[in-house]
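Please open the structure in your viewer and keep the selection tool at hand.

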Amino acid sequence: MVPWFCDVGSDMGKGKKHGGKGAEKDVVCGCKHVTRADVEAAVAAGATGLADVKRMTGAGTKWGKCKGRVRACLEQALEARVAAGAAALEPEAENPLVIHGIYRHFKGDFYLVENVAHDSETDEEVVVYRKLYGDGSLWVRPKAMFLSPVDHEKYPEVTQRWRFELQHVESVARRV
Ligand code: FES
């Protein structure tokens, strides 16, 4: 990956007035504690515009004063992605979406992918998946987010690479 640096701007030092966490290095949206790595991960997962980044990370969805900063980060991430080659950053190539596949969330729980659906308003693909614990309820999440990498700057202790990672579960029953 071509390294890129997002100039988070000198106004982040005032982040305590606007979001409370903005003084941290590399935070582009203090209100939602979104870092440049989050923006980069969103781009790697398919974000191409500010609306995508807002939806996938939450950046700019509170007061929105960070919009210019988030947009600048987005543009840098997109340029880096083009420079590095889109194929190298395509998450689905390494972590494919398998209907009826079992996935492990990076926080440890397991989920069964039931299907892929389309948002009736935006036509965006969403993954329909079932909790393999508790009440076994169904959930949906944008496909791009489902297949996105873990933000290792935000979760440095996590070793799993993908937010939801496909598992290869073997049967433990003996055939007779
Ligand atoms: S810093 Fe307030 S919404 Fe981003």
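**Before selecting.** The model is predicted: local features require pLDDT of at least 70 and side-chain atom pairs count only at pLDDT 80 or more, while totals for chains, interfaces and linings use all residues. Residue numbers start from 1 along each chain as its sequence is written.

**The whole chain.** Display the protein chain as a cartoon; it has five helices and seven strands. Helices (H or I, at least four residues) and strands (E, at least two) are DSSP runs, numbered from the N terminus. Followed from the N terminus, the order of elements is β-β-α-α-α-α-β-β-β-β-α-β. Of the 176 residues, 30% count as buried. A residue is buried if 20 or more other C-beta atoms lie within 10 Å of its own, exposed if 12 or fewer, and partly exposed in between, with C-beta atoms placed from the backbone.

**The largest nonpolar core.** Next, select Val28, Val39, Ala45 and Val70, the residues with the most contacts inside the largest nonpolar core, which has 29 residues. Such a core is a set of buried Ala, Val, Leu, Ile, Met, Phe, Trp, Tyr and Cys residues joined through C-beta atoms within 7 Å.

On the α1 side, the contact is made by Arg36, Val39, Glu40 and Val43; on the α3 side, residues including Val70, Cys73 and Leu74 take part. Contact here requires C-beta atoms, placed from the backbone, within 7 Å.

**Two loop residues.** Most residues other than glycine have a negative phi. Select His33, in the loop between β1 (27–29) and β2 (34–35): its phi is positive, about 50°, although it is not a glycine. His33 counts as partly exposed because it has 19 C-beta neighbours inside 10 Å. Finally, go to Asp123, in the loop between β4 (110–118) and β5 (125–131). Phi of Asp123 is also positive, near 70°. Is Asp123 buried or exposed? With 7 C-beta neighbours inside 10 Å, Asp123 counts as exposed.

Definitions and conventions: Contact = placed C-beta atoms within 7 Å.
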